[in-house]
Amino acid sequence: MISFESDYIAGAHPALLKKLTETNLESLTGYGNDPYCESARQKIRAACACPEAEVFFLVGGTQTNSVVISSMLQEYEGVLSAQTGHINTHEAGAIENTGHKVLSLPQTQGKVSARSLKQYLQDFYQDANHEHSVFPGMLYLSHPTEYGTLYSKQELQDLSCLCRSHGISLFLDGARLGYGLMSQNTDVSLSDIAALCDVFYIGGTKVGALCGEAVVFPRHNMPRHFLTIAKRHGALLAKGRLLGIQFDALFTDNLYFDIGSHAIHMAEQLKQIFRENKIPFYLESPTNQQFVILENGQLEQLKKNVLFSFWEKLDENRTIVRFVTSWSTTQNDLDALAQAIAAIQHE
């Protein structure tokens with residue numbers, strides 16, 4: 001059985017496991033106060049071209065979204081998100097559980113437009129009864145989005161400008177940021193993100209780490225007592241070294257970016273396999289997630305040999321499914337998939 005189910009199906013990149021093993025018997029201070037966490041912070045600051053950034057390591061994406069959003073919002077504020085945004089669909093109400101509402105925005109291929117954000121904000125403040133409503137206090141973006149699509153630099157600039165003019169924070173979920181940065185179809189760099197966002201995170205869990213996300217506050221704007229807030233949410237790892245060591249390795253010798261490049265290269269070959277076998281795309285993503293349409297009969301045959309993710313029903317006869325590449329995807333995986341797809345085409 002070969003798997004294209006997600007980008008965290010394998011454990012961790014061997015370089016990270018090697019570093020974890022080498023340092024295993026070192027006695028280190030907990031909660032991120034060890035030299036490996038500090039080294040990782042310095043390397044992330046350099047990669048972001050943001051020497052004053054504050055960097056905090058958390059365990060996973062849902063915990064990160066929950067802690068960051070709830071710590072930066074006032075109690076009467078909610079967070080704006082694309083209707084398809086992860087916090088609005090697949091986080092089990094984690095944001096609402098903190099007492100903050102997710103305010104849904106229209107989306108196109110997973111992206112929010114400056115036009116729709118502007119319209120929402122205008123409509124909100126022109127409503128004479130807006131004092132009785134949840135105030136928009138933050139805009140949440142995923143980059144790449146849940147559909148593997150990317151914001152352009154201009155799109156991010158327009159959204160950032162709107163947020164700043166209305167006094168709301170811009171938060172970028174970078175769970176798969178490594179793949180977005182290395183896409184052949186992007187003009188956005190890590191330093192651009194640091195310049196345009198109030199907070200963002202660099203995903204580790206889906207980009208080669210066992211677990212872990214690096215939250216970056218670019219402008220000395222980390223909420224007061226952020227460590228205490230993270231602990232209150234059950235999101236603080238006592239053995240913080242485990243996160244610092246991994247990010248220190250990821251940001252050594254360009255490994256984080258090499259992992260992204262490999263997955264993109266594999267995804268481009270994956271797309272070619274679908275084209276050659278006349279498997280239609282739901283949309284062609286420029287990153288490592290690919291969404292295709294399978295006849296239900298094809299789906300049943302293919303899943304006997306290949307793991308992939310159900311996305312949604314297109315109609316009663318067809319289903320949208322997702323295939324994902326990662327650091328662990330090999331040429332052998334792609335060759336086996338090509339054979340499996342060719343086989344169902346002849347049945």
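Me: In β6, which residue is the bridge partner of Leu-139?
Reply: This is a predicted model, where local features need pLDDT of at least 70, side-chain atom pairs count only at pLDDT 80 or more, and totals for chains, interfaces and linings use all residues. Residues are numbered from 1 along each chain as its sequence is written, and side-chain values use heavy atoms, leaving out hydrogens and water. Strands here are DSSP runs of E with at least two residues, helices are runs of H or I with at least four, and both are numbered from the N terminus. β5 and β6 (residues 169-173) pair in the parallel sense over five bridges, pairing being at least two DSSP bridges between two strands, and in β6 the partner of Leu-139 is Leu-170.

Me: Which residue in β5 stands opposite Gly-78?
Reply: Strand β3 (residues 77-82) also pairs with β5, in the parallel sense and over five bridges. Opposite Gly-78 you'll find Pro-136.

Me: What joins His-143 and Pro-144?
Reply: Pro-144 sits in the loop between β5 and α7. As a rule, most peptide bonds are trans. Here omega is about -5°, and the link between His-143 and Pro-144 is a cis peptide bond.

Me: Is Ala-92 buried or exposed?
Reply: Look in the loop between α4 (86-89) and α5 (94-97) for Ala-92. Its phi is positive, near 55°, though Ala-92 isn't a glycine. With 83% relative accessibility, Ala-92 counts as exposed.

Me: What is the phi of His-225?
Reply: Find His-225 in the loop between β8 (213-217) and α10 (226-232). His-225 is exposed, at a relative accessible area of 54%. Not being a glycine, His-225 still has a positive phi, about 55°.

Technical notes
Buried means under 20% relative accessible area, exposed over 50%, partly exposed in between (1.4 Å probe, protein chains only).
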